[in-house]
Amino acid sequence: MRQRIEDLSVELLVNHGAQGFRFRELADRLGITRATIHYYYGNKQTLVDAVAVQYISSLLAQWEKNWAGDARFVDKIVGMMEANRRRYLAFNPTPATNHPWSFIGRMRVDRDVIGAEAQAALDGFGPTLERFIMAALDQAVARGEFDPDIPRSDIALQLVAIADSAGSITQDGGGFERLDRLYRSFAHIVEHAYGAEPGKGRRGAKG
């Protein structure tokens, strides 16, 4: 029951925000009583915090698996984009819709009305993702994918910024295509500028 409550709470929080989130709608959608939700979580603040902490923890576990894998670094960028696409499609199953879909983006908007645990989870998201990306860049350099002097921190910072802005990028662009292009173009720029293969990047450039 807890998992069902938390899964649906993600959807309702994205759609309505923390202030518009209501136990009544959650209970009606699940076919349970509000007393059941209170039994598990006590109050709305406790539930919102629990959902935020669990969601961010789960998302970071997915990102860690992506960035620690054996794929090329540029393919890991695309892997991150495809994970975003799956979340986008969960809220936008047809091309005719362009609904909000980013839980983290929604929680950042509601930062002032969420609890300390949820705020701490939000604060830790960017730095943790940045560490995953930095480690993946170190791995890529060690495998000869990039020049050793590739600006690791700059690239990691840009990818975290894209992740943080993914929801607004799709909404401003009217769909997922703009975010798709942004990830792929960034991967292309990184590979073209710093790829260590002959004929690519600075090592292959003719002076």
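This is a predicted model: local features need pLDDT of at least 70, side-chain atom pairs count only at pLDDT 80 or more; totals for chains, interfaces and linings use all residues.
Visitor: Which residues of helix 9 are buried?

Guide: The buried ones are Leu 179, Asp 180, Tyr 183, Phe 186, Ala 187, Val 190 and Glu 191. Looking down the axis of helix 9, you find its buried residues within an arc of 140 degrees, so they line one face.

Visitor: And what covers the buried residues of helix 9?

Guide: The cover includes helix 5 (73-91) and helix 8 (152-173). On the face turned away from the buried side, helix 9 carries the exposed residues Glu 177, Arg 178, Arg 181, His 188, Ile 189 and His 192.

Visitor: Why is Asp 180 called buried?

Guide: Buried means under 20% relative accessible area. Asp 180 comes in at 14%, so it counts as buried.

Visitor: What makes Asp 180 and Arg 184 a salt bridge?

Guide: The cut-off is a side-chain nitrogen of Lys or Arg within 4 Å of a carboxyl oxygen of Asp or Glu. For Asp 180 and Arg 184 the N to O distance is 2.7 Å, and that qualifies. They're 4 residues apart in helix 9, so about one helical turn separates them. Arg 184 has a relative accessible area of 38%, so it's partly exposed. Salt bridges that share partners also join Asp 180 and Arg 184 with Glu 82 and Arg 85 into one network.

Visitor: How do you know that Glu 82 forms a salt bridge with Arg 85?

Guide: Their closest N and O atoms are 2.8 Å apart, and the limit is 4 Å. Both residues lie in helix 5, 3 residues apart, which is about one turn.

Visitor: Why is Glu 82 called partly exposed?

Guide: Partly exposed sits between the 20% limit for buried and the 50% limit for exposed. Glu 82 has 25% relative accessibility, so it counts as partly exposed. Arg 85, at 24%, is partly exposed too.

Visitor: How many salt bridges does the structure hold?

Guide: There are 12. Another one pairs Asp 110 with Arg 106, with the closest N and O atoms 3.0 Å apart.

Visitor: Is Asp 110 buried or exposed?

Guide: Its relative accessible area is 6%, so Asp 110 is buried.

Methods. Residues are numbered from 1 along each chain as its sequence is written. Side-chain values use heavy atoms; hydrogens and water are left out. Buried means under 20% relative accessible area, exposed over 50%, partly exposed in between (1.4 Å probe, protein chains only). Helices (H or I, at least four residues) and strands (E, at least two) are DSSP runs, numbered from the N terminus. The arc is that of the directions from the helix axis to the C-beta atoms. Contact means heavy atoms within 4.5 Å.
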